[in-house]
Amino acid sequence: FNDGLGNQWTLTYVVGTSAREINPAALGANGTNDALPVQAAVNSMLVIESVLLLNGNMHLEAVVTANFAGTGKNVTIRGLGDGASRVAVSGVGGFDIEIDENVSLNMSGVWFVPVGVDRGTAFKCLSTGTASNNYMAHRIKNCSFGYTGSSGTLSNFFNSCLEIGGTTNANGSGVIDSCYFQGVNTIDPTQTKGIVLQYANDMVITSCNMYNLFRGIQIENEPAEGLHVDNCYLVRNKVGIYAHGSALARPYISVSNTHIAYTKTGIDMLNYVQVFINNNLIQCRSDSSEANTVDILLEDVSSSIVHSNRFTLEATAVTSQKGIVLSGKGTLLTVKDNKFSERDECITIQDVGGVIYNNCKFTANEFTAMLTPGNEFLITSNNASEMVFRGDDDEFMGTATILGGQTIPTGAFTTLEYGAFAHEYNAFKMISTATVGEMVVPNGVRKLSFNAKVRMDNGGAASQILLRLMKNGAEVARQTKAG
């Protein structure tokens with residue numbers, strides 16, 4: 001057959017196997033300048049569906065490309081694993097494969113190694129199909145990307161290790177299992193991205209290790225939905241998981257049973273709904289040089305649950321360490337049973353251009369060794385509404401700082417339920433930075449109901465609780481009680 005490069009090849013296939021296998025070594029690949037024989041082997045796969053067998057070391061001085069769209073032939077690449085099939089990349093990338101919605105990718109046992117700095121993308125497989133097809137399965141298992149050897153070689157890096165998904169539409173589902181990703185061995189890395197997902201639906205990333213990366217897992221601009229990350233280690237990355245969807249909120253991301261040790265942000269999400277983050281250990285590294293580090297940043301995220309996570313520091317040298325930050329608009333969010341320690345702020349609800357989260361519940365979260373006592377909860381706006389704060393049994397809720405009063409939208413029912421009701425000492429301590437905390441009641445509201453417990457502590461001095469009802473700036477009623 002002709003390989004499309006002007007060369008005529010005669011191929012010998014392995015007989016008696018479930019699929020034909022083609023080995024670039026049979027075409028002249030010998031570990032030095034192997035782009036031509038590897039390209040020829042891949043081109044043969046366009047003619048007859050075959051398995052690309054990498055049973056030795058290969059060196060790619062140029063990118064190997066192929067377009068499988070319209071062929072109906074799957075892409076299968078198999079290495080020997082355990083470092084026995086190493087692909088050294090000295091060009092501007094390793095593989096760049098194009099498929100469509102009727103083609104699946106299967107790859108296992110291959111180790112991609114950058115030879116030099118910024119070696120492009122180690123392996124890219126994107127679909128140009130225009131039809132969504134979630135039945136097309138991708139399976140990538142036991143592959144490694146980047147150096148795993150001595151520190152002298154860790155200065156070499158890929159721009160991206162693995163890119164998968166589609167270019168214009170939702171294409172593909174699948175599993176990335178037991179893979180290793182390594183970036184540059186420096187503090188606060190700014191180069192390599194581990195896994196980049198584009199228009200990828202129903203992807204599972206499990207039992208993967210990611211180290212020294214700019215971003216461990218990235219979704220940006222090209223939205224992906226249906227992502228589950230489980231049992232992974234994302235350590236010494238600037239950002240652990242970066243998921244920024246389009247203006248159209250995308251559904252379902254789950255992160256569970258994972259250790260994230262970051263230098264800037266643990267999890268950064270924008271424009272998603274139905275997010276589930278649970279049972280993770282999330283730490284800011286002591287060697288971080290960043291200010292304003294954040295464990296979990298949720299911007300415009302709704303209908304989601306963050307629960308049973310442990311947030312802690314390796315050390316207390318970080319400036320302005322924040323736990324969970326809710327930014328912009330969002331609703332129906334539950335934050336419960338999390339344990340925070342060594343934080344300047346634990347749960348921050350911040351106003352962005354007059355927009356803030358509402359109708360959220362915060363239950364049974366624990367706070368210890370606060371770096372800035374009093375900032376267990378921090379609400380930076382007077383626009384928050386329908387926020388419920390509850391303790392759990394005998395646990396003390398902590399302290400909330402309300403920056404400004406609470407404004408009740410017309411016709412809305414707002415609950416500020418500070419503290420559990422079961423025990424007197426469960427009272428929730430609310431601090432207002434203003435001289436007087438207030439609720440502004442708009443026209444049309446005829447009845448207000450206050451159900452709260454208040455505990456005031458003024459160093460043993462006499463204190464007083466004063467509730468005043470104002471109309472047009474004039475007091476029309478008041479109720480006073482000794483503290």
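User: Which ring does the charged end of R86 sit over?

Analyst: Bear in mind that this is a predicted model. The cut-off for a charge over a ring is 6 Å from the ring centre. The charged end of R86 comes in at 5.9 Å from the centre, and the ring belongs to W111.

User: And how far is the charged end of R215 from the centre of the ring of Y242?

Analyst: R215 also has its charged end over a ring, that of Y242. The distance to the ring centre is 3.6 Å.

User: Are the rings of Y252 and F276 stacked, edge-to-face or tilted?

Analyst: There are nine aromatic pairs in the model. For Y252 and F276, the ring centres are 6.1 Å apart and the planes meet at 50°. Stacked needs under 30 degrees and edge-to-face over 60, so this pair is tilted.

User: What about F311 and F340, buried or exposed?

Analyst: Their rings are stacked, 4.8 Å centre to centre with 15° between the planes. F311 is in strand β27 and F340 in strand β30, so the pair ties together parts 29 residues apart in sequence. Both residues are buried.

User: Which residue in β23 is the bridge partner of I253?

Analyst: Strand β22 covers residues 250-256, with five of its seven residues buried. β22 pairs with β23 in the parallel sense, over six bridges. In β23, I253 is partnered by V275.

Definitions and conventions:
Residues are numbered from 1 along each chain as its sequence is written. This is a predicted model: local features need pLDDT of at least 70, side-chain atom pairs count only at pLDDT 80 or more; totals for chains, interfaces and linings use all residues. Side-chain values use heavy atoms; hydrogens and water are left out. Buried means under 20% relative accessible area, exposed over 50%, partly exposed in between (1.4 Å probe, protein chains only). Helices (H or I, at least four residues) and strands (E, at least two) are DSSP runs, numbered from the N terminus. Two strands pair if DSSP finds at least two bridges between them. Rings of Phe, Tyr and Trp (its six-membered ring) pair if their centres lie within 6.5 Å; planes under 30 degrees apart count as stacked, over 60 as edge-to-face and the rest as tilted. A charge sits over a ring if NZ of Lys or CZ of Arg is within 6 Å of the ring centre and within 35 degrees of the ring normal.
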